[in-house]
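These are my notebook entries on one protein model. I set down what I looked up, topic by topic.

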Amino acid sequence: MAFVRTVTGDVPPHELGVTYAHEHVVLDAPIAQDRFPHAFLDDDDAALSELRACAEVGVKAMADALPCAIGRHPERLAEISRAVGVHIIASTGAHTSKWYPGLSWANELPAPQLTELFVADIEIGIDRFDYCGPVIERTPHRAGLIKVGTLQDDPNERDRRTFAAAAATHRRTGAPIITHCEEGRGGREQIELFAEYGISPDCVVLSHTDKVQDVGYHLDLVGAGAFLEFDQALRHPIGPTNPTVRIVTELVSSGFGSQVMLGTDGARRSLLTAYGGAPGLAALATGVTEALKNEGVSDESLNTIFVDNPARFFSFREVAE
Ligand SMILES: [Zn+2]
């Protein structure tokens, strides 16, 4: 039976409903506080109020794209999910090297050892200490998504190891893969690298590609068969000139609506109402959706983007025996 693995348990894909596809609910680690303070999200009450505002406008699920050892808290994530009644999919995997300063396992280990860590997060449960070591205590909260990323167009040796591990983890578990594209770029190279490791592009969603505003770039990526996750809409004035609104409208009218998902990449205090920012994450389901309708994107296409595509993409794939 098809299922999506949320932090509070497996659910049938049709239970997801309106889904934000690249979120950050809790991002609480010294690395964020020290080096990425704009993205440091340590306040669970703030997360609760931000997610409640989203739930009130119909959001039913979120994919939390935070990988290992940079601020995951599976128990807090599960508690927030239950309190608000929003499904949360947690991630395993490794972010780009800049998130792991010093001598870090995430930059150093060979692919087979990375794979063991990722698979255990998915099959047994996410470590309560978020692989910050030296002790591992598995929680009952499992990851349902594999996150990796690149910092430049051409993957380096370290990227090749993390992508190989993501591919092996996908093959063993069936979990879908989400990537980080630095400045939106490198999507084509990521698809090609996954192809080398035998991963079909429809098991991968590339994030933040709408930082690149050239529609031709996106048409190339969906033409290659990948999903795209756009999450820059809230960073620009919401209306017909919003770059994300423009790109989504173009892709839908070109017949690629079934490969598009939307998120907020809300690891920005300046976007979150709960931290005194604006417009708040609910604006994706309200203002941005309204702007897309005004540009002629039909209710049916919006349902495809927000409901059907996430239900299909976040479902675990069949695992070959
Ligand atoms: Zn992110």
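The entries below cover a sheet, a loop cysteine, salt bridges and pockets.

**Entry 1: basis**

I note at the outset that the model is predicted.

**Entry 2: the three-stranded sheet**

I looked up the strand order first. The open sheet consists of three strands in the order β3-β4-β5, and the pairing is parallel. The edges are taken by β3 (19-23) and β5 (87-89); each has a single partner strand, so one side of each has no neighbour in the sheet. I also took the angle between neighbouring strands, which is 20 degrees on average with direction ignored.

I then went through the pairings of β4. Strand β4 spans residues 61-64 and pairs with β5 in the parallel sense over three bridges. On the β5 side, H87 is the bridge partner of A61, and I88 is the bridge partner of M62. The pairing of β3 with β4 is likewise parallel and runs over three bridges. There I recorded that E23 stands opposite D64 of β4.

Which way do the side chains of β4 point, and are they buried or exposed? I found A61 and A63 pointing one way and M62 and D64 the other way. All four are buried, D64 being the residue that stands opposite E23.

I followed the chain into the loop between β4 and α3 (74-84), where C68 is found. Its relative accessibility is 0%, and C68 therefore counts as buried. I also checked the separation of C68 from D127: the two are 59 residues apart along the chain, and their C-alpha atoms are separated by 9.2 Å.

**Entry 3: salt bridges**

My search of the whole structure returned 18 salt bridges.

D10 belongs to strand β2 (residues 9-11), while R142 is in the loop between α5 (111-123) and β7 (145-150); the pair links distant parts of the chain, 132 residues apart. I read D10 as partly exposed at a relative accessible area of 35%, and R142 as partly exposed at 26%.

*D220 and R188.* The side chains meet in a salt bridge with an N to O distance of 2.6 Å. D220 lies in helix α8 (residues 215-223) and R188 in helix α7 (residues 187-196), so parts that are 32 residues apart in sequence are tied together by the pair. D220 has a relative accessible area of 33% and is partly exposed. R188, at 29% relative accessibility, counts as partly exposed.

*R235 and D265.* Here the closest N and O atoms are 3.8 Å apart, and I checked this value against the 4 Å limit for a salt bridge. R235 is in the loop between β10 (227-230) and α9 (243-253), and D265 is in the loop between β11 (260-262) and α10 (287-294); the partners are 30 residues apart. Are the two partners of this pair buried or exposed? R235 is partly exposed, with a relative accessible area of 25%. D265 counts as buried because its relative accessibility is 10%, and buried means under 20%.

**Entry 4: pockets**

Rolling a probe the size of a water molecule over the atoms shows where empty space is left.

The largest pocket has a volume of about 310 Å³. I counted 19 lining residues, of which H95, W99, H180, D265 and R268 are the closest to the centre. D265 is also the salt-bridge partner of R235. What classes of residue make up the lining of the largest pocket? It divides into six nonpolar, six polar and seven charged residues.

The second largest pocket holds about 210 Å³ of space. It is lined by 17 residues, and the closest to its centre are A29, A69, D130, Y131 and C132.

Methods:
Residues are numbered from 1 along each chain as its sequence is written. This is a predicted model: local features need pLDDT of at least 70, side-chain atom pairs count only at pLDDT 80 or more; totals for chains, interfaces and linings use all residues. Side-chain values use heavy atoms; hydrogens and water are left out. Two strands pair if DSSP finds at least two bridges between them. Helices (H or I, at least four residues) and strands (E, at least two) are DSSP runs, numbered from the N terminus. Axes are lines fitted to C-alpha atoms, for helices over the stretch in contact, and angles run from 0 to 180 degrees between N-to-C directions. Buried means under 20% relative accessible area, exposed over 50%, partly exposed in between (1.4 Å probe, protein chains only). On a 1 Å grid over the protein atoms alone, a cavity is a set of points where a 1.4 Å probe fits but cannot get out, and a pocket is an open set with protein on both sides within 12 Å along at least five of seven lines; lining residues have an atom within 4 Å of a point. Grid points are joined across faces, edges and corners, and a volume is the space filled by probe spheres set on the points. Ala, Val, Leu, Ile, Met, Phe, Trp, Tyr, Cys and Pro count as nonpolar, Asp, Glu, Lys and Arg as charged, and the others, Gly among them, as polar.
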